[in-house]
Every structure is written in C-alpha cells, then in structure tokens.
Amino acid sequence: MIQKWKQQPVFYERVERLGLHGLHFQHVTLCERRAWMYLNNINFAQWYDRVQLGTAKHRTSYSRDKSVNGLMGLSPDRIDWQERIVYENKGTAGAAEASDNQTAFYAVMLSIATGKDWRAFISILSNRRNREVKIDSNRLDRLLWASERLEILSQINTVPVVPAIPLCSKCSLANFCGYS
Ligand code: SF4
C-alpha cells in the first residue's frame, strides 16, 4: 500500500523540508492553534499538572524501549524490527484520531525509509491492550491532508484563530487561549 502511494514523494519532501515528526501530526489533528504553537516551539506543558502527571505515568509504565535506539528523527515508543511493527504508548483510548495519525506517521516514514510496508499499533496503558491503526488509502489521505495543513500553518505569522473545543479544558495552552 505505502510503496504504491502516488503522493509518497510529495509527502516525504514536505516532511523533510518542514522537519515534521509524529507530534506535529497529533497536534494538527486535535487543534490547529496547538499545532501552530508547536511549530513555533511555544510550549507551556511543563507548568501544567495534567501533562506532568501523564508524563510521569508514561515514564513509569514504559521506559524507553531499546528497540528505538539509533532512530533518527522518529520517536515511537517501541519497534518490532523483525515483524516491521511500530508501537506508540497512550494512557487512554481517548483522542483516537490524533493518536492514529501520529502512530501511522511513524509506520509510513519507516516504510518509505526501508522500502517495505510497516504496521502501526497503539498500546493503551489503562487497559493494556493493543489496537492496530490500519494504514489504508483513507489513512494516507488523512496524513497528506494533515501535512498540507501543517505547511499552511508554518507560513502564518500570527496565532491562528480557532473556536473553543472540548479538549480546551484539558489543554496546557488553555490559559493562554482563555478557553479554560
Ligand atoms: S486551549 Fe483549545 S484552542 Fe487553545 S490550543 Fe488548546 S485545544 Fe487549541
């Protein structure tokens, strides 16, 4: 599937040129303002207790796996090199589409780099289950669209105007946005 993806060169060139990685794809799926802040290295997460708690849980439950040592520019949580599977750990099953795009991004980039198709799974910490993220034409279209949005956002010089969404109450940028 990924090897026959006609948009692969366009996608790869954009990712390389803009220096995109998995969290860009997660953020842009959740909120374009959040993605813009991330593109501009503006991050208040270290002052936000929910993020601190989530990071601590993540570190405690899943120390960084040796399988990802040496990976340049990609940061999934675990890789099965033999079966060509990439795993991303998440505390809960929430924000599924954003997690799917992030995890699929790693699998797509590894597929491009190795010339062989990779699969993507999300490991959910709260129930210890793995969920596969299908890399089909629909997912590839979504990743391409997300990369296009990130390119547009990277060219904007002011904070984009976005409506408040349910996520705002849990977002580390809520005080900045005034949407808490
Ligand atoms: S508070 Fe809401 S609008 Fe602001 S960055 Fe977070 S999710 Fe986006």
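A: Let's start with helix H3, whose buried residues are Arg-33, Arg-34, Ala-35, Trp-36 and Met-37. Keep in mind that this is a predicted model. What lies over those buried residues of H3? The cover includes H2, helix H6 (137–154) and H7. Just past the end of H3, Asn-41 has a positive phi of about 60°.

Helix H3 (32–39) and helix H7 (174–177) each give at least two residues to the shell around the ligand. There are 13 residues around the ligand, and those that come nearest are Cys-31, Arg-34, Cys-168, Cys-171 and Cys-177. Sorted by class, the shell has eleven nonpolar and two charged residues, with no polar ones.

Now step over to H2, one of the elements covering H3. Helix H2 (residues 22–30) packs against helix H5 (residues 96–114), with an angle of about 155° and 8 Å between their axes. Because of that angle, H2 counts as roughly antiparallel to H5. Their crossing is right-handed. On the H2 side, the contact is made by Gly-22, Leu-23, Phe-25, Gln-26, Thr-29 and Leu-30, while H5 brings Glu-97, Ala-98, Ser-99, Asn-101, Gln-102, Phe-105 and Tyr-106. By class, that makes six nonpolar, six polar and one charged residues.

Is Leu-30 buried or partly exposed? It counts as partly exposed, because it has 18 C-beta neighbours inside 10 Å, and being buried takes 20 or more. If you set aside neighbours within four places in sequence, Leu-30 is in contact with Ala-95, Ala-98 and Leu-167. Leu-30 and Ser-99 are 69 residues apart in sequence, yet their C-alpha atoms are 9.5 Å apart in space.

Finally, zoom out to the whole protein chain. It has seven helices and four strands, arranged along the sequence as α-α-α-α-β-β-α-β-β-α-α. Of its 180 residues, 29% count as buried. Among contacts between residues at least 6 apart in sequence, 66% join residues at least 24 apart.

Definitions and conventions: Residues are numbered from 1 along each chain as its sequence is written. This is a predicted model: local features need pLDDT of at least 70, side-chain atom pairs count only at pLDDT 80 or more; totals for chains, interfaces and linings use all residues. A residue is buried if 20 or more other C-beta atoms lie within 10 Å of its own, exposed if 12 or fewer, and partly exposed in between; C-beta atoms are placed from the backbone. Two residues are in contact if their C-beta atoms, placed from the backbone, lie within 7 Å. A residue is near a molecule or strand if its C-beta atom, placed from the backbone, lies within 6 Å of it. Ala, Val, Leu, Ile, Met, Phe, Trp, Tyr, Cys and Pro count as nonpolar, Asp, Glu, Lys and Arg as charged, and the others, Gly among them, as polar. Axes are lines fitted to C-alpha atoms, for helices over the stretch in contact, and angles run from 0 to 180 degrees between N-to-C directions. Angles under 35 degrees count as roughly parallel, over 145 as roughly antiparallel, 65 to 115 as roughly perpendicular and the rest as oblique. A crossing is left-handed if the near helix is turned anticlockwise from the far one by less than a right angle, and right-handed if clockwise.
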